[in-house]
Amino acid sequence: MFFLRTFLPLLSVLLVELSKVVYADTQIHDDSFVPDGILHVSSGLKKQSCVPTKDILLVNGTSPGPELRFKEGQTVWIRVFNDIPDQNLTMHWHGLTMATAPFSDGTPAAAQWPIPPNHFFDYELHVQVGMAGTYFYHSHVGLQALSATGPLIVEEENAPYCYDADRIVFLQDVFPDDDAFVEHALLASPMAYERAQEMVLINGKGGGLTSEEEFCNDTLSVINVNPGKTYRLRLIGGTGLAIVTLGIEGHKNLEVIEADAAYTEKHNTSFMQVAPGQRFSVLLHTKSKPDKQRYFLQVESREFGNLTRSYAVINYGPPINSSTTKFYPPTSPPLTLPPTDSAFLEYTLRPHHNSTDLVMPTAADVTRRVHITVRLNITNQGGLIYDLNGYPWLENSVEEPYLVSLYKNDGNKWPSIERALKNDGLDPKTLAFPALLGEVLEIVIENTGSPGYSTETHPWHAHGAHYWDLGSGDGVYDPIANEIKWANSIGKPMKRDTTMVYKYSGHAAPGVVKGWRVWRLRVTQPGVWMIHCHLLPHMVWGMQTAWVMGNATEVLDQVPRPDVEGYLAYGGSVMGNETHSPEVVEFFNAWTESQ
């Protein structure tokens, strides 16, 4: 069932009759309302680097979409228009989930109804002081995030590191076929899409070696710098499949200062490894006397499909507009980049000493350990599906967003802790992982061998509050051995939102645990949150979980009745269109007044 992805004419009867009644605590966002940001998502034919012209999604006419930049300590409203004639849409604020109002996380199977065609939705974000960092936005419907995406930067008054300016390095991958074709083929039985990314783009452009081992001579993006300066490069993993290794010709001394919007102590490295969903900042110290005017930033794909190699230009000297001055990839690579390093930044990063949250729950504080065991299954017809603790989370796993269903049933379908404890944390009746406020969870994500005796690398992303990342390893997790490893490491656990479960040798017998990643989380934020692999094909195949954090009172009282009614129906009064102004709950205004 593709209800949450595709608008069907027969479903138009489900659009509610937009009510003329405005509830006491709702606000009408009429023509006098001015959002802080506006995103128009449309579809159109576009020629992306190294692939044929095809139909893609555009944000304000481009892909990636425009940069959004806000100051911390603000509540901002972003109006998202769905100008796609035949598809639903959401927008997720990746890494900023803890800043979103209820129904604003952008997860169509969990936290909100998608935006119907020719409608818009006002997303509310409250970016608290201490949340400055590098984020991005993307659709959470099907494969739309491949192109419906863009950078989101939260600034602070005084950053802990000095630099002269920042530069965004936004990574995307492109495929030769359009999203609808790829998704249909991925879900076919037998599975009918074997292609990986054709090229990785940097700020919307790329050129070099394609996955078909052909040379693509398309034009490159330009990153302008001046000699003798320090630049903060904000690396954003907006790819849907490619895990990327990156280096800069002639500049071997990069200093990591941020991982997933958390400042770190400086850590030197000569290259970076960026997975889908991850963000890093590195300090680039430019040469005071460069021996040439231009250097190449080199990017290579890893893990899936054949090697692809792409470039951008680091330009010293007068600023250059890459839309008017053309630069092309070199015929041979200037750098030799390493293969995937399963130890990259593991047990070595340390939170910045001035971080506001340095007290991690100890092992003795842990109240419950939850295992998410990932198994790839092949159906009798040859289709692919991922089970997590025996169950997948697919678009047809639920008939409506989980949070909506909980409101409609007054909590009667609340996931059961008792059932979950019998199934390693998952309630098989509701297909949700319940957690109580105040619990300290240790979440262990486990890779297992596939029917083909193989394993794969997965970047796992958590919505909601960021977790303390406790590292990863081969084989089966040993909590005592891991505590000893941290005690003998130079690093300290960091708060993150996207980290890796590696494939290690890439071989394991079917169902045998082979590799793990461990998080520690104190449950403080009520709501319905997703935890999932951030590889888009794997999400399509079911590698997602829904978590309900808090009891019925704690979750449902955030937006009480009758204010919530406009959020509970597809096309409800909270959605605006040409003839109707949306009727919304200004959640953070009400929350602030109640404090």
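Here are some questions and answers about the predicted model shown above.

Residues are numbered from 1 along each chain as its sequence is written, and side-chain values use heavy atoms, with hydrogens and water left out. Because the model is predicted, local features need pLDDT of at least 70 and side-chain atom pairs count only at pLDDT 80 or more, while totals for chains, interfaces and linings use all residues.

Q: How many helices and strands does the chain have?
A: Let's start with how they're counted: helices (H or I, at least four residues) and strands (E, at least two) are DSSP runs, numbered from the N terminus. Counted that way, the secondary structure of the chain comes to 7 helices and 34 strands.

Q: What radius of gyration does the chain have, next to the value from the globule rule?
A: The radius of gyration is taken over C-alpha atoms, and the globule rule is 2.2 Å times the number of residues to the power 0.38. For 595 residues the rule gives 25 Å, and the chain comes close to that, so it is as compact as a globular protein of that length. Its own radius of gyration is 23 Å.

Q: What share of the 595 residues counts as buried?
A: Buried means under 20% relative accessible area, exposed means over 50%, and partly exposed is in between (1.4 Å probe, protein chains only). By that cut-off, the buried share of the chain is 61%.

Q: What share of the contacts between residues at least 6 apart in sequence joins residues at least 24 apart?
A: A contact here means heavy atoms within 4.5 Å. Take the contacts between residues at least 6 apart in sequence, and the share joining residues at least 24 apart is 77%.

Q: How far apart are the mean positions of the positive and negative charges?
A: Lys and Arg count as positive and Asp and Glu as negative, while His and the chain ends are not counted. Each charge is placed at NZ of Lys, CZ of Arg, CG of Asp or CD of Glu. The chain has 43 positive and 66 negative charges, and their mean positions are apart by 8 Å.

Q: Which kind of pair do the rings of Phe 587 and Phe 588 make?
A: Phe 587 is buried at 12% relative accessibility, and Phe 588 is buried at 8%. Their ring centres are 5.0 Å apart and their planes sit at 80°, so the pair is edge-to-face.

Q: How far apart in space are Leu 246 and Leu 297, C-alpha to C-alpha?
A: Leu 246 lies in strand β16 (residues 243-248) and is buried, with a relative accessible area of 2%. Leaving out residues up to four places away in sequence, Leu 246 touches several others, including Val 169, Phe 271 and Leu 297. Leu 246 and Leu 297 are 51 residues apart in sequence, and their C-alpha distance is 7.3 Å.

Q: Which residue does a cis peptide bond join to Ser 189?
A: Look in the loop between α1 (179-186) and β11 (199-202), where Pro 190 has its place. Omega is about 5° for this cis bond, and the partner of Ser 189 is Pro 190.

Q: Is Tyr 347 buried or exposed?
A: Tyr 347 lies in the loop between β22 (309-316) and β23 (368-378). Its phi is positive, about 60°, although it is not a glycine. With a relative accessible area of 8%, Tyr 347 is buried.

Key
Phe/Tyr/Trp six-rings, centres within 6.5 Å; stacked < 30°, edge-to-face > 60°.
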